[in-house]
Amino acid sequence: MRERGIAGAAELPISVLPKAPSAKPGGKKNVCTRNFSARPQNDSVSQYDPTDISKQQEDRRELDARKRLLREKEIADIKWLMSSRRGRRIMWRLLEMSGPFRLSFDTNAMRMAFNEGNRNLGNQLFHEVMTLCPELYPVMVKEQQDERDDNGKQSN
């Protein structure tokens, strides 16, 4: 049976751990009954060398490459979403729900913070659309106006 405790002790059964002497020289009793000095070291920490500048630069380049790849995927996703009528409807709905052009003021501070968080997301989405495919924003607005006009004519 394994016992849980300090990191590293869980790997060894109690019977394998060496016993400490019950009394120290001088008559004081030892309260610790296990030797935790044989804990396995975390390899990532033990191999880190803060003076290895070339390794740090290489790690930084790898991190930058991963961030660049992630950003390229995000750009491709937004362009793909805005390239179809259905995607523009989804983006419009997200912008409409988040309200980037609405005021977030409320007398209740918590509600105002919530509204401002939604508005912040809307601003980020609007920025993405206007940065990556500004020519499709007016198309999206026109489609929504046409859809609202069509829905208004059908209800009369």
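Where does aspartate 106 lie? Aspartate 106 sits in the loop between H3 and helix H4 (109-132), helices here being DSSP runs of H or I with at least four residues, numbered from the N terminus. A word on the source: this is a predicted model, in which local features need pLDDT of at least 70, side-chain atom pairs count only at pLDDT 80 or more, and totals for chains, interfaces and linings use all residues. Residues are numbered from 1 along each chain as its sequence is written, and side-chain values use heavy atoms, with hydrogens and water left out.

Aspartate 106 has 17% relative accessibility and therefore counts as buried (under 20% relative accessible area, with a 1.4 Å probe and protein chains only). Its side chain has these partners:

| Partner of the aspartate 106 side chain | Distance |
|---|---|
| Side chain of arginine 111 | 3.4 Å |

Leaving aside neighbours within four places in sequence, aspartate 106 is in contact (heavy atoms within 4.5 Å) with Arg111, Met112 and Asn115.

Now to the helix packing. Helix H2 (residues 53-82) and helix H3 (residues 85-98) pack at about 110°, their axes 6 Å apart; axes are lines fitted to C-alpha atoms over the stretch in contact, and angles run from 0 to 180 degrees between N-to-C directions. H2 and H3 are therefore roughly perpendicular (65 to 115 degrees). From H2, Ile78, Leu81 and Met82 meet Gly87, Arg88, Ile90 and Met91 of H3.

Key: Helix = DSSP H or I, 4+ residues; strand = E, 2+ residues; numbered from the N terminus. Parallel < 35°, antiparallel > 145°, perpendicular 65-115°, else oblique. Buried < 20%, exposed > 50% of the residue type's maximum accessible area, 1.4 Å probe, protein only. Polar contact = N/O pair within 3.5 Å; in protein donor to acceptor, adjacent residues only side chain to side chain.
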